[in-house]
Amino acid sequence: MNEHLTEIIIFTALFLLVSGMGFVAARWRRPENLASLDEWGLGGRSFGSWVTWFLVGGDLYTAYTFVAVPALLWGAGATGFFAVPYTIVVYPIVFLVLIRLWSVSHVHGFVTPADFVRARFDSPTMALLVAITGIVATMPYIALQLVGIEAVLKSMGVTGHLPIVIAFAILAAYTYQSGLRAPALIAFVKDTLIYIVILVAIIAIPARLGGWGSIFDAAQAKFDATPAPGDGILLNGNNQLQYVTLALGSALALFLYPHSITGVLASRNRDVIKRNMSALPAYSLLLGLIALLGYMAIAAGVKPIVTEGKPDNNTIVPQLFDQMFPDWFTGIAYAAIGIGALVPAAIMSIAAANLFTRNIYKEYLKPNASDADEARISKIVSLLVKVGAVLCILFLDTGFSIDLQLIGGVIILQTLPAVALGLYTRWFHRGGLIAGWVAGMTAGMLLLYNIGNPAIGKLHFAGSAFPLEKLGLDTKTTIYAGVLALAVNLAVAAIGTVIARTAELADGDDATRPDHYFADEGDPRIRDLDLTTP
Amino acid sequence: MTTPNGDRSDHSPWNWLLIVPIILPLIPFLYNSDEPRLLGFPLFYWLQLAFIAIGVACTTIVYQMTKRRR
């Protein structure tokens, strides 16, 4: 008899409930048919403030966040708290940028960021690079959602890969059926569960552990006792630059990920986005408090589950819940984390599928694809993407998927000059952008390759903190590799642009006009152009 | 519902307010300290959580001042 029976029953019941909702979602805000990317992949582009809030929030704060960020605080201390400044910085940055993307996308019917790049710079090549970058960066992100579910299952004593495969098969089926409507509807349940669990956790657990003060003191005592120089409940002189560049770099990367853009493009008008950028930080507060579960675990003396001789730090939060809550509530908490993995995984696979369909299939394989063809291909690709993510988990070490995710953040940043800066300026030449992408990508890989961690015996790809002394500087300071690689990208793109302009290389036509970047719902331009754009 | 054609833009002096929540969290010496504690939270933690409120305030003000009249 499994000692976690109550937890398993509650977990399964809630899981089946949301799966049912996923299938029903096809009839929610019913469209005439789902056979177009606007309907299947963007939910009819008609989501209002509430749906967008849940959708984008459900999309950015994933199961992996709930599991990995506290695990990072548990292991390394203050450095893991970078997630808080990161989620503060991101909203004002995107506040202005993404409404421009929304407008120009609605005028021209863009579904993906690569669609925009193609029209803006008249460059199918740069669009292809943006699409490939997006797909490659998204895959390990989906795989990490599985890591989150796995941590929960492990804590319930459920081992083996079969349960995860089943969970993902169900997810794949209802995403196929309902498209973006499914995660949008499920996000309501997911976030409600998570808010309940976290509110209970931050009130009940500190009360049992002697208050917040003693939790922080216990964490400090643990870090004082370890030989590692970088840990502690405060930053030290050498990792402050890493902390701020990681926060800034992650913020810039976040909304370049195709799935975040999908959530934004699905909203009804510009004000919905603006209002959300001021309301979404409610999740940041939640994230900060969730992060501190890592310290609570230290104070409570929680130990991670050890499998095959290796401790799995990702089980820290599930283990803490198991120790602190009655079984039935632990079941709800586990369901919150598990369902929390499904929403982003669904949105990510839809976004990756849209990229493939619009910017590879339609561009290179079947230029005269109809709306129904596009929707059909996207549905199939979204299945393949999920199969790929499951294979990552089955055949790769999960530690390796975390490394892939790290690389994902660095590479998605390389689309910033074309996508984010492209929304403001067309100064860059398409040749310069391509050269910058190649240089930034190469630099990023070289930097990550040279980051080792002797403590765990890894010589390469062991983190994102690049020591500046490797560049010949006399310092112990580290910096986020993604920001350095982006700097290389921008420099090469600028130099390439100057060279291309001097050599008078052909620069394609810009299909957008300045006023397209301000168009809003009900605007005559949107209606006029909708009739003329294919 | 209909808006006039071509005479609108994103420019507004209020947008400058968004600089505040972008810059504040990126200055670690402001908050990298244990004392003073608040409800047991070291400064490092409560001040960064307080920055969230500042971010909400700034984006809300800019939203209210720049939203379109319908």
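Helices (DSSP runs of H or I, at least four residues) and strands (E, at least two) are numbered here from the N terminus.

## Basis of the model

The structure is a predicted model, in which local features need pLDDT of at least 70 and side-chain atom pairs count only at pLDDT 80 or more, while totals for chains, interfaces and linings use all residues. Residues are numbered from 1 along each chain as its sequence is written, chains are lettered from A and ligands numbered from 1 in the order in which they are written, and side-chain values use heavy atoms, with hydrogens and water left out.

## Annotated spans of chain B

Over residues 43-63 of chain B, the chain is 100% helix and 0% strand, with 30 Å between the end C-alpha atoms. Residues 12-31 of chain B are 25% helix and 0% strand, and their end C-alpha atoms lie 31 Å apart.

An unreviewed UniProt entry annotates both spans, 12-31 and 43-63, as "transmembrane region". The UniProt positions follow the numbering used here, feature names are shortened, and annotations may be inferred rather than shown by experiment.

## Interface between chains A and B

Contact (heavy atoms within 4.5 Å) links 40 residues of chain B with 46 residues of chain A. The size of an interface is often given as the accessible area lost when the parts come together. Buried area (the accessible area, 1.4 Å probe, that two parts lose on being put together, summed over both) amounts to about 3,800 Å² between chain B and chain A, with 65% of it on carbon and sulfur atoms.

One salt bridge (a side-chain nitrogen of Lys or Arg within 4 Å of a carboxyl oxygen of Asp or Glu) is counted between chain B and chain A. Its partners are Asp217(A) and Arg37(B), at 3.1 Å from N to O. On the side of chain B that touches chain A, α1 (19-23) and α2 (43-66) of chain B each supply at least two residues. The largest contribution to that side comes from α2(B), with 12 residues. The residues of this side of chain B comprise 20 nonpolar, 13 polar and seven charged, where Ala, Val, Leu, Ile, Met, Phe, Trp, Tyr, Cys and Pro count as nonpolar, Asp, Glu, Lys and Arg as charged, and the others, Gly among them, as polar.

Glu39(A) is located in helix α2 (residues 37-40) of chain A. Because its relative accessibility is 19%, Glu39(A) counts as buried; the classes are buried under 20% relative accessible area, exposed over 50%, and partly exposed in between (1.4 Å probe, protein chains only).

The side chains of Glu39(A) and Arg181(A) make a polar contact at 2.9 Å. Such a contact is a pair of N or O atoms within 3.5 Å; within protein, one must be able to donate a hydrogen and the other to accept it, and residues adjacent in sequence count only if both atoms are side-chain atoms. Glu39(A) and Arg181(A) are 142 residues apart along the chain, and their C-alpha atoms are separated by 8.8 Å.

## Salt bridges

Over all chains, the count comes to 17 salt bridges. Arg376(A) and Asp373(A) form one at 3.2 Å, N to O. These two residues are separated by about one helical turn, because they are three residues apart in helix α18 (residues 371-395) of chain A. Arg376(A) is partly exposed at 41% relative accessibility, whereas Asp373(A) is buried at 14%.

Lys476(A) and Glu469(A) pair at 3.6 Å, N to O; Lys476(A) is exposed at 55% and Glu469(A) partly exposed at 40%. In the salt bridge between Arg501(A) and Asp507(A), the closest N and O atoms are 2.9 Å apart. Salt bridges that share partners join Arg120(A), Arg426(A), Arg501(A), Asp507(A) and Asp510(A) into one network.
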